[in-house]
Amino acid sequence: MTPLADGNRTVHGPATGRADTPGAEPVRLSLTTEDDLLAVRHAVRFAAVAAGFSIIDQTRVITAASELARNAYIHGGGGDLVVGSVHEGARTGLRLTISDRGPGIPDVEAALADGYSTGVGLGHGLGGARRLMDEFEVRSTPGEGTTVITTRWRR
Amino acid sequence: MSAHSGTPSGAHSCAVPILRLGDVLVTGLLNELDDKSAVAFAQELTERISADRARGVLIDISRLEIIDSFVARNLMELTGMARLLGARVIVAGMRPPVAITLVELGLELTGVETALHAEQGMAALGWVQAPQPREGAPHDAAG
């Protein structure tokens, strides 16, 4: 929660860069209680609006964040979520990075398959969240936890 | 934590008003719905169906901005519980982005009856809009 102190913002934001716009700085939220889930939705909505997403894409990204965040704290023993905008060439997108401290996913491919609902940690219901996003990467280490990095680009 | 107002046990409250119109219960979800509130809502609604002998339930979700798998499952379970109690549930007013997202998530609210808006839902539950009485209305000037 603390690595992004206010002092960093002025240092990071170039005078003419996009980092000046609200929501451009990544925000980190911990996922340990149910209230954190509402905080996640608020933060992701704020970032999606700031990134200029349409109302449908806002809804997609917030819903994906809600799914992944819930999995992290219910099945994954807690974790955290980072939301921030990304720029690649002319493209602008929103990236979510969700990490849990669960047991890890033994078979990531199976966890991403439809109907796979017995996964542990972030593996629980991954397929649905993936369909709402453009890019979706799962890194899992048995015994240490799982990280999902997912991006949706502005249309 | 109001222990009155028709909830038999009063042990929990979902903070969402549930109104009774004849044998129909009318309620709506707010834009923020956390997991606990969703569960409390389903429980309170089933208790009210039984206590009020309701035959129909209209749930307006036009303010609900997000339905994820938890809330979707909650709505499906609530519909199932109501059906077992003899009541028909209609979920009305889903926002288009929510509908699109739900289908992409792979959750199509199987078994849950829906309506475009609350008025259509009420009509499906047997409520027809009566023409406004011309005479005897307390206000509403003739002009």
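Trainee: In this predicted model, which strands of chain A does helix 2 (residues 34-50) lie across, and at about what angle does helix 2 run to strand 1 of chain A?

Mentor: Helix 2 of chain A lies across strand 1, strand 2 (79-88) and strand 3 of that chain. Helix 3 of chain A also packs on the sheet, where it touches strand 1, strand 2, strand 3 and strand 5 of chain A, with a direction that makes about 15° with that of strand 3 of chain A. For helix 2 of chain A, the angle to strand 1 of chain A is about 160°.

Trainee: Which strands of chain A stand at the edges of the sheet?

Mentor: The sheet in chain A is open, and its five strands come in the order 1-2-3-5-4 with antiparallel pairing. Neighbouring strands of this sheet are turned against each other by 15° on average, direction ignored. Each edge strand has a single partner strand, so one side of it is left without a neighbour in the sheet, and the strands in this position are strand 1 (27-31) and strand 4 (135-141) of chain A.

Trainee: Over how many bridges do strand 4 and strand 5 of chain A pair?

Mentor: Strand 5 of chain A covers residues 145-153, and Thr150(A) in that strand stands opposite Phe136(A). The pairing of strand 4 with strand 5 of chain A is in the antiparallel sense, and the number of bridges is seven.

Trainee: Which helix of chain B supplies the largest share of the side that touches chain A?

Mentor: The contact takes 18 residues from chain A and 16 residues from chain B. On the side of chain B, helix 1 (35-51), helix 2 (69-84) and helix 3 (96-105) each supply at least two residues. By class, this side of chain B has seven charged, six nonpolar and three polar residues. The largest share of the side of chain B that touches chain A, six residues, comes from helix 3 of chain B.

Trainee: What feature does UniProt place at residues 23-125 of chain B?

Mentor: Chain B has four helices and five strands, which follow the pattern β-β-α-β-α-β-α-β-α along the sequence. Over residues 23-125 of chain B the chain is 49% helix and 17% strand, with the end C-alpha atoms 10 Å apart. According to UniProt, in an unreviewed entry, the feature at these residues of chain B is "domain: STAS".

Methods:
Residues numbered from 1 in each chain as written. Chains lettered and ligands numbered in written order. Predicted model: local features only at pLDDT ≥ 70, side-chain atom pairs only at ≥ 80, totals over all residues. Contact = placed C-beta atoms within 7 Å. Nonpolar A, V, L, I, M, F, W, Y, C, P; charged D, E, K, R; others polar. UniProt positions renumbered as here; feature names shortened; annotations may be inferred. Pairing = 2+ DSSP bridges. Axes fitted to C-alpha atoms, helices over the stretch in contact; angles between N-to-C directions.
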